[in-house]
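I begin with a pair of helices.

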Amino acid sequence: MSTHTLRSKRRRSALRTAAFMSPWLIGFTVFFAYPLISTVYFSFMKYDGFNTPVWNGLGNWSYVFGDYPMFWPSLRNTLWLVVIMVACRVVFGLGIGMLITRIRTGTGIFRTLFYLPYLAPPVAATLAFVFLLNPGTGPVNTILGDLGLPTPGWFNDPAWSKPALTLLAVWGIGDLMVIFMAALLDVPKEQYEAAELDGASAWQRFRFVTLPNISPIVMFAVVTGVISAMQYYAQPLVAGKVASGIIGGSGQQFEPGYPDKSTLTLPQLVYNLGFQRFDYGAACVVALVLFVLAMAFTALLMRRRGGLIGAGD
Amino acid sequence: MTSVLDRPGAAPESARDRTPAARTARRRALLHWIGVHSLGVAAALFFVLPFVFLFLTSVMSDQQALTRDLTPDTWEWGNYTKVFDTPGFLTWWKNTLLYAGLGTVLSVLSSIPVAYALAKFRFRGRQLSLMLVISMMMLPPQVIIIPMYLFWAKQLDLSGTLWPLIIPMAFGDAFSIFLLRQFLLTIPNEYLDAAKVDGCGEFRTLIRVVLPMARPGIAAVALFQFFYAWNDYFGPQIYASENPAAWTLSYGLESFKGAHHTDWNLTMAATVLVMAPVILVFFFAQKAFVEGVTLTGVKG
């Protein structure tokens, strides 16, 4: 009798788990597993959405890596963003985090002001920055010009479009500020006192007390930064569209990357191939490249000690 | 909140502090205060000035918005009425509220039981499920967009609407699940055990005991979800672009610029109107939001 109740108890608990998990189980199957397998399938097919898909072997793959003129520029841009934009965000975010922990008067107001730009909807913020950095009449170049400083072409100059995007990304640093602030406040106070007694300079206190204590958070910021740099989509696309003046309704179709492919990122290629050129097969190839990169960095994030998942119980 | 970095120099002065050494220390503390707060003001300008210029341009006259002027000569508040009178603008608002509102409710409701199971049940495959949730959370939406688009557009004939974006929210949103689970982990098991001793099943425990305690976590998740939908550009671009009646603010804003090619003042007024609700919501729910951001990075 006892084995019987035990088994039925176990079955009931499995059923209960399945019931609680069911929304996600359906979601996982329909909105993750199925489309992912389907993406792999279409990456080997010639398909335009109208005619029946036909087997294309590695044709899409060789097209994307060999002949599609946007693929390598977009990877180069992503590398630039990963190295420079992410570094700027982390360094600046840490700096602002340290600053806010030292501000004694009006802390709440400063914190809110520093945090606010992070909330600005990306399309709105991008539009605002294209205006602010408008080479001819924008406020930034107006002020730079009045000060006798050079006035770059920002979103209209291939050499300056990524720095302009970096400025936009650094403006929205609020998320990192909050995370770093929490980490900095967790550093044991005694360690600072001990360092001070030993006559450590401000730099030494930062280097030997602050940094070792917050290094997991710095790592977290870097890896999540890299992941979002690879996914960078709305800002570069909208910036290119608005700066070039080619926006829906004007009769022309906007080819992402303005100016001169300098703002291309991988997700924009999926859009360009799939929804502008109707080459679903090639779009799926780029999608898979994006998938592999995103998952590789996610794995890195999960592997770090005391990782994203946590102890569980 | 700021206690950790309180330095000895900042301590309130007492009679004992009147020695020359104490005076130097006090002067250094004052200089430190001035230095830190000047830097703070400089940083604040960097963060705030874009909003200020944005706003000032939004109330300029059509002619002045094309010049290098930084401040308006006349305050044209009528620009805001003009924006509201733009055909479609109110529809974008309605659509955005539908997407953000309904999407948030659905994803929170469907994510709670999953997060609870992942946080508090012990079952085989739990770790694997959690890893898959994180993978879904990290998945760029473009990776699966081709089959998803074919599914919604060709099989269900729902392109030109926002339903392809709203319906999936009823099946657990990975980010919400993950964040809620992190939060539920912080609720001690003793509370759940006590409820069970009192004869509550898992479902009643969840409703009666866990949910009231998880309110801050749920608030944070709901806010994130709302902001996500409010800000989403890619989703509406793929599914709604063909039908202006289904556009959202984020998507419509861009076309607004296209239609008002040279009217930076109107475009900036529209931009202010898209930013304002998010910022207003933030002011009312600041604590929940900041807590949520911290939760994503630090806890666990």
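**Entry 1. A helix pair in chain B.** The model is predicted. I looked up how H12(B) and H13(B) are oriented, and they are roughly antiparallel to each other. The reasoning rests on the crossing angle: the axes of helix H12 (residues 249–259) and helix H13 (residues 264–284) of chain B cross at roughly 175°, and angles over 145 degrees count as roughly antiparallel. The two axes come within 10 Å.

I then listed the residues that make this contact. From H12(B) I noted B:Leu249, B:Leu253, B:Phe256 and B:Lys257. From H13(B) I noted B:Thr267, B:Ala270, B:Thr271 and B:Val274. By class, the contact of H12(B) with H13(B) has five nonpolar residues, two polar and one charged.

**Entry 2. Domains of chain B.** The domain assignment divides chain B into domain 1 (3–58) and domain 2 (87–297). I found their C-alpha centres 39 Å apart. Four residues of domain 1 of chain B touch six residues of domain 2 of chain B.

**Entry 3. Domains of chain A.** For chain A the assignment gives domain 1 (2–61) and domain 2 (70–303). Here the C-alpha centres lie 34 Å apart. The contact takes twelve residues from domain 1 of chain A and nine from domain 2 of chain A.

I asked which elements supply the domain 1 side of chain A. Helix H1 (2–42), strand E1 (45–46) and helix H2 (59–67) of chain A each supply at least two residues. The largest share, three residues, comes from H1(A). I sorted this side of domain 1 of chain A into five nonpolar, five polar and two charged residues.

**Entry 4. Confidence in chain A.** I noted a mean pLDDT of 90 for chain A, with 94% of its residues at 70 or more. Over residues 309–313 of chain A, pLDDT stays under 50. The model has six contacts beyond four places in sequence for residues 309–313 of chain A. Where pLDDT is low, the predicted coordinates should not be read in detail.

Methods:
Residues numbered from 1 in each chain as written. Chains lettered and ligands numbered in written order. Predicted model: local features only at pLDDT ≥ 70, side-chain atom pairs only at ≥ 80, totals over all residues. Domains from an automatic or database assignment. Contact = placed C-beta atoms within 7 Å. Helix = DSSP H or I, 4+ residues; strand = E, 2+ residues; numbered from the N terminus. Nonpolar A, V, L, I, M, F, W, Y, C, P; charged D, E, K, R; others polar. Axes fitted to C-alpha atoms, helices over the stretch in contact; angles between N-to-C directions. Parallel < 35°, antiparallel > 145°, perpendicular 65-115°, else oblique. pLDDT = per-residue confidence, 0-100.
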